[in-house]
Amino acid sequence: MKDNVVLQMKGISKSFPGVRALQKVDFSLNKGEIHALMGENGAGKSTLIKVLTGVYSKDEGTIEIAGKGEVSIHSPQDAQNLGISTVYQEITLCPNLTVAENMFIGRTQGAFTNWKIMNIEADKLLKKLDIPASATMQLSSCSIAVQQMVAIARAIDMDCKVLILDEPTSSLDDQEVQKLFGLMRDLKQMGVGIIFVTHFLDQVYEVCDKITVLRDGKLVGEYEIKDLPRVQLVAKMLGKEMDDLSDIKGEHKAYEGKNAGEIVFEAKDLQSNAGIKPFDFFIKKGEINGFTGLLGSGRSECVRAIFGADTILGGTVKMHGKKVNIKRPLDAMKNGIAYLPEDRKLDGIVGDLSVRENIILALQVLNGFFKPFSRAKADEFAQEYIKKLNIKTASADTPVKSLSGGNQQKVILARWLLMHPDYLILDEPTRGIDVGTKVDIQKLVLQLAEEGMSVTFISSETDEMLRTCSRLVVMRDRKVVGELLGNDLTQNKIMSTIAGDGDSEIKQEADLKAI
Amino acid sequence: MKKKVLATIIASVMALGLMACGSSAQAAKNTTDSGSDGLIKVGIINNDPNESGYRTANDADLKAKFTEANGYDASFAYSLKNDEQIQYAQNFIQDDVDYLLLSAADTAGWDSVLQDAKTAGVKVILFDRTIDADSSLYEASIVSDMAKEGQTAVDWLAGQGLSEYNVIHIQGVMGSAAQQGRSGALDTKVAAESNWNIVKQQTAEWNAEKAQQIVQSVIDAGTSFNVIYAENDDMAKGAVAALDAAGISHGVGKDVIVMGFDCNKWALEELLAQNWNYDGQCNPFQASYIDDIIKTLESGGTLSQKTIIMDEKGFDATTITQEDVDNYGI
Amino acid sequence: MNDNKFKKLMSNQLFIPVIALVVLALINLINDPSFFKVTLGTNNAGNPVLSGYLITILDYGSELGILAIGMTLVTAASGGQDISVGATIAIAGSAMLRVLCGGNSRPETIQAPIIVAFLVACLVGMLCGAFNGLLVSIFKIQPMIATLILFTAGRSIAAWINNNELPIVPDPKFSYFGGFIPGIPIPTTVFIVAICIVIIALVLKFTNLGLYTQAVGINENSSRLNGINPTFIKFLSFVILGLCVAVAALIKVSRLSTINYSVIAKDIEMDAILAVALGGNALSGGKFNIWASILGAYVIQFLTTTLYKFNVQSDALAAYKAVVVIVLVIFSAPKVREYMKDARKKIIKVQKEAA
């Protein structure tokens, strides 16, 4: 083991019944290094992390830790004792305790705790790490980002040498991500080795020093960040040389069938109770448009208002030029509007139900309470879309929650496509899913539009929207502030519109996010 | 989620306790203000009249006796909980009642409040239930002798002259005074006589449905029996329902002797129809006894005895009359 | 052993109640084979009746079986339980008697046709359910807390309906529902349960009640965004339970042709919840299997009858049921399941090595 190496994993293998999740994977982490672990869903990232943290026991291979030699890790407790700490995407702290309590819970010695000292210690550490929280605040009153930082602070205070950040940024907005990155850089200075797992490529290039790529449970390679351009990384993850991703739009023609140019949906002064300003909006047949803006600018709230997901306060809505009344989701569905919600777990899947039931759900509801589909019919629908969208599931009977994130998303997509909507709203359909599926979904959207479906597409990744949308509605502070089309559809133009004239602070923010 | 469920359960149990405290704690006042018009002011603390037919009859009897027409200004308070009853007693003492009539939920814990009553010059009369307190603390106690009720019933049964007694013994809530008294006599007899057997001894907790299941279980097992000794009428009724379903005859001159307690009107009617054989009385009509005592005390007289045991009858199906049903049925 | 088949069997929801049933049957078979004897006799009205422990179980398990239907739906939709069913049985039963006896505790003849009384009881049961449902679905009160209200007040309301009198129904026809119809030797309750099962089976087959209820129980947000009205589905589940309560009340009141407000259907709510749990249904809601719950109800009655046979004091029954709950909870705990899986694997391995 070299001097500055803190962690060395060699020849790690792990099998599950029917799957070889890891095959002789090597991984090493240096002191003061931020090391990205990349791969599609199912490539073996999570398994490797779980082996390292003692959640799974490895079948083969060795793990060495600086100063400890070869170690065996059988439980998360073991890992913690060896200085390996993990911060997960979902906060695993107790929201109803204070920040200090969360930092010290389970680590106090003896039956008595000196809360005063504990609070002082906690404040010291928070200050040192520049975390905007105080020891006595209740954790739930902090933002998600701060909560995540507290989790990291807890890990640091436990004298950790290896910090694993598993998708820490997916529920953070850009400013919060920046704060987190700041903290990560501080920790790097302090000599902590950080393993960073994320789906956001731009974030990888922003903070990481090294990348290890896994594919199908095998090691593809370890690269210095400067040696691996983005396209190369994607290619390595997918295992094939990619033609430029941004070209997919060119493969598809605009819809030219009958009623081309007809306005399918139109809203005037639409307003919901979710705190957005009244807005006007329309979409034409076969058009793909999108809402863009910073997280929290009201993009999701707008489409929720269109679908009747929030309480509608006012405005008029027309479908195919005819005035309609949409007060709740069922009204929207009856009018041929489908909505894939932003939060897959919370609003999308019905976890314990089977893939089949999840696929037929919306059409079934539309069909009516007293007209259930026969089992054969339901199976037919399910099989059709499992095949069409290439959903990877053991069978239609499998509970949807046991599928990977990308496949869950496809199931929900299938649910809405089965309804054959005139107008499909996709809110962050590609969040948290692997690159391959992302491209699949983008291609599908373009194809649907070519066939005449109108689609509204929302994504945090601007390049994705540029690749698919022909018109973008720009939002700022819960208000529509502009509309871009044609030659204006560029990163810079979007950012300047988001930033607004003379609004330099936001502009800087947007520049930071430049992709 | 699990935590939530647990929390809910705990919360429910706690809320349940609170509500149970609150629900039966209604104190009713018949008259708001009096005393100056020569009425005798009495405070009556009783158990919840919904508890049983016996208690309903008991409460109705008291309410009928302690009226203004009879020279009383009566206030009623009900609870099945001892501590609440003690609270009511203190309220009545502060309210300056002349007499405190008490049917205690529990035997213990009454000393200090009765001492207070004595100091305040409030005379205490216990009815229906005794308490563990010095007898100087109350004027009189009017009670049923449950053991005697049981003895009367067992004596009657012995008098039937069966060659063998195979008894299904259905008990009330274990540990209650009525259960102990009524079980005691039978247990003693069974232990003493070789031709008396208990086929099944089970508590049905005063519950007809449970009694029905218990008897059904004996029938299903194919065990033979010729006496049902149920410690109240409801349970006897449940037992009879099981007999009826199984085609086992019961009543006067039939295969199985049916015995009950409490003398509900409908039960006495069963006796009159000779479907049942015996019903033991548990006299709820204590008001006239109390009335007599108060009259005696008010006129300056003394009581010949402190504990007054009420007359209680046992009715035989062969001798019961419609008059008995009307007079003694509750 | 076929690994896959075993796995499938284990994951089947009917697995737990069937195993429990088999265990109970075996205990009785070893102890006394005559437990399973069914004989044809005549009752005191001179009609043929079947009797025996099995008939007793079928008969006395009926109320629980019917309640299990509604309780399963409530549990699935709301993720909570209705603890007021015992008290609402008292209310519905009391209302039925009030109609039959016309407010007179000892009428000569019944004052209204039985069917009218039953329909009134259904209405009252459904109203009680609607009350609970309203609190749960609209006011978002935890089901156990919401139903605590009727749990506490229900028996007093029942007593109030009949002015605290205990009416006795004079018509022997009324006792047919909880007993036997002349000429038919099978307890009427068995037919009533069968009818209920057929009805709920038809409802589940010809409507989307099952899908909607499960979807709402698993993910309320998602259900709403798919056009389902979760508030209404929860409300509906309580109303259906109310209907089940009314049917159970008919049987209960008919058994003795009278009512005792304080003890009728006492503690039946806990048995009904236990039936749902025994059926392998998650008490936190979501996926459900009504047939497993109904089977669970009969397992509980089987247990009760067995305990009576073994002369266990009836006030100790609750303790035995508690043991069942403990065993159930332990066996459904993920840790134990994992352990059992591991143990099974090891056994298979050893078997393979031996071969």
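Of the two pairs of chains in contact, chains B and C share the most contacts, where two residues count as being in contact if their C-beta atoms, placed from the backbone, lie within 7 Å. This is a predicted model, in which local features need pLDDT of at least 70 and side-chain atom pairs count only at pLDDT 80 or more, while totals for chains, interfaces and linings use all residues. Residues are numbered from 1 along each chain as its sequence is written, and chains are lettered from A and ligands numbered from 1 in the order in which they are written.

The contact between chains B and C takes 43 residues from chain B and 37 residues from chain C. On the side of chain B that touches chain C, the elements giving two or more residues are helix H1 (2-23), helix H2 (53-65), strand S8 (196-203), helix H7 (208-221) and helix H8 (233-246) of chain B; here helices (H or I, at least four residues) and strands (E, at least two) are DSSP runs, numbered from the N terminus. H7(B) gives the most to this side, with eleven residues. By type, the residues of the side of chain B that touches chain C divide into 18 nonpolar, 16 polar and nine charged, with Ala, Val, Leu, Ile, Met, Phe, Trp, Tyr, Cys and Pro counted as nonpolar, Asp, Glu, Lys and Arg as charged, and the others, Gly among them, as polar.

Chain A also touches chain C, with 23 residues of chain A in contact with 18 residues of chain C. The elements of chain A that give two or more residues to this side are helix H11 (329-334), helix H12 (344-348) and helix H13 (355-367), and H13(A) gives the most, with six residues. The residues of the side of chain A that touches chain C divide into 17 nonpolar, three polar and three charged. No contact, however, joins chain A and chain B, whose closest C-alpha atoms lie 13 Å apart.

Within chain A, an open sheet of four strands has the order S2-S1-S4-S5, with antiparallel pairing, where two strands pair if DSSP finds at least two bridges between them. Its edge strands, each of which pairs on one side only, are strand S2 (19-30) and strand S5 (69-71) of chain A. Strand S1 (residues 5-16) of chain A is joined to S2(A) by eight bridges, and the two run antiparallel; A:Met9, for instance, has A:Phe27 in S2(A) as its bridge partner.

Turning to chain B, there are eleven helices and 13 strands.
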